[in-house]
Amino acid sequence: SARRTTMGGSESKGDKAPPKEDKVAPRPGKMEKMYERALREQKEREARGGDDKDEPGSSMRNGRGQIYNPQTGKWSELQPAQTQGRPHSSGSAEGTPTYEVKTFPSGNRYEGTWLNGKYHGKGVLKYADGRKYDGEWFNGVTHGKGHFHYSNGDQYVGEYRAGQQHGQGRFVWKNGDLYVGGWQKGKRHGKGKLSKVNGDGFNGMWKDGHPDMQILKNVHR
């Protein structure tokens, strides 16, 4: 089986799913509460006739332009009343992602949008060891759709949530083995198909990175 480098730089053998990344994101539950609060504030503003004052404690940052829905994994445009922010001296609106290119002392290089000093929006992070992530970010971690290139030639293309593979994704090992299907918290989970170049494989339900043996036992009873 193939040998690949994980997100954290260590190596593992076999066709196990990539481990979770070493960055921390807000808990999904917290993000959902922020989203619900933002929608409630938007409706309240619209009821007042589109008042766009910067209210204390508001979770709707002026000038943001978009809001993330953790339930659907998509961004949606805000109404004009919420996109009018006070500009900084630099000319950018408060809470608006800025595009930057930065090379770190470690040799890593990021090119894309930032918000409050963190990767946010879309961007490409190239690691000094050859790894590369090209896709969506939220509050400093991979979140949304992205394409990760491992230094040994393996690749993952699919959905991320809070820094881990989560949703639907496609993992291709350097030797040609392929997995297409569901992911949960960085592991193959749900319905998916593994096809190996030697003819072996599995098409069915997965749990915690492995074929769901309980389901197989029930089928063969």
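Helices (H or I, at least four residues) and strands (E, at least two) are DSSP runs, numbered from the N terminus. The model is predicted: local features need pLDDT of at least 70, side-chain atom pairs count only at pLDDT 80 or more, and totals for chains, interfaces and linings use all residues. Residues are numbered from 1 along each chain as its sequence is written, and side-chain values use heavy atoms, with hydrogens and water left out.

**Exercise 1.** Locate Asn139 and state how accessible it is.

Solution. Step one: Asn139 sits in the loop between β8 and β9 (141-149). Step two: its relative accessibility is 27%. Buried means under 20% relative accessible area, exposed over 50%, and partly exposed in between (1.4 Å probe, protein chains only). Asn139 therefore counts as partly exposed. Step three: although Asn139 is not a glycine, its phi is positive, about 55°.

**Exercise 2.** Describe the place and the side-chain contact of Arg131.

Solution. Step one: Arg131 belongs to the loop between β7 (118-126) and β8 (132-138). Step two: with a relative accessible area of 7%, Arg131 is buried. Step three: its side chain makes a polar contact with the side chain of Asp129, at 2.9 Å. A polar contact is a pair of N or O atoms within 3.5 Å; within protein, one must be able to donate a hydrogen and the other to accept it, and residues adjacent in sequence count only if both atoms are side-chain atoms.

**Exercise 3.** Describe how β10 and β11 are joined.

Solution. Step one: two strands pair if DSSP finds at least two bridges between them. Step two: six bridges join β10 (residues 155-161) to β11 (residues 164-172), and the two run antiparallel. Step three: Tyr156 stands opposite Phe171 in β11.
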